[in-house]
Amino acid sequence: MVRSGMYRGTHAVIAVTESSDRAKISIMKDELFRLLRHEQLRTSVILVFANKQDIKDAMTLAEIIDALSLHSIKDHDWHIQACSALSGEGLYNGLGWISQQVTGKVQT
C-alpha cells in the first residue's frame with residue numbers, strides 16, 4: 001500500500017534489471033508501469049540500469065528496451081544504461097544522466 005505523499009518531490013526513478021534473468025523481465029515491466037501510474041511521479045525521469053552486462057548471454061540493451069516496452073513511455077524522459085554493479089562500470093554514467101535531467105526541475 002502506498003501512503004499519500006510517498007513520492008512527493010521525487011525527480012527520478014531508478015530501476016535495476018538483471019540482464020541475464022530473462023524470466024523476471026516481465027515482472028520488472030509490470031512493476032515499472034505500476035509505479036509510473038502514480039500522479040506524484042508524473043514529472044520524474046526514469047533510469048533503467050541494465051545490470052550484469054558482463055555476464056555471457058546477457059540481454060542486449062535493445063532486447064531490454066523491447067521487453068520493458070520503454071518506447072511506449074511517452075510522458076517521461078527515460079534512459080537505459082548498461083552497467084556492472086560488481087565493477088562499477090556504467091554507474092556514474094547513469095547517475096550523471098539523472099543529474100543532467102533533474103537540473104532545473106528541483107523545486108526549492
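The buried residues of helix H3 (buried meaning under 20% relative accessible area, with a 1.4 Å probe and protein chains only) are covered by elements that include S1, S2 and strand S3 (78–82). This is a predicted model, in which local features need pLDDT of at least 70 and side-chain atom pairs count only at pLDDT 80 or more, while totals for chains, interfaces and linings use all residues. Residues are numbered from 1 along each chain as its sequence is written, and side-chain values use heavy atoms, without hydrogens and water.

**Helix H3**
- H3 comprises residues 91–102 and reaches 17 Å from its first C-alpha to its last, close to the 16 Å expected at 1.5 Å a residue.
- Gly94, Trp97, Ile98 and Val102 are the buried residues of H3.
- Viewed down the axis of H3, these buried residues fall within an arc of 120 degrees, so they line one face of the helix.
- Tyr92, Asn93 and Gln100 are exposed (over 50%) on the other side of H3.

**Helix H1**
- In H1 (residues 25–36), the buried residues are Ile25, Met28, Leu32, Leu35 and Leu36.
- These residues fall within an arc of 95 degrees seen down the axis of H1, so they line one face of the helix.
- They pack against strand S1 (12–18), strand S2 (45–51) and helix H2 (61–68), contact meaning heavy atoms within 4.5 Å.

**Packing of H1 with H2**
- The axes of H1 and H2 lie 9 Å apart, at an angle of about 55 degrees.
- Ile25, Met28, Lys29 and Phe33 of H1 meet Ile64, Ala67 and Leu68 of H2.

How values were computed
Helices (H or I, at least four residues) and strands (E, at least two) are DSSP runs, numbered from the N terminus. The expected span of a helix is 1.5 Å times one less than its number of residues. The arc is that of the directions from the helix axis to the C-beta atoms. Axes are lines fitted to C-alpha atoms, for helices over the stretch in contact, and angles run from 0 to 180 degrees between N-to-C directions.
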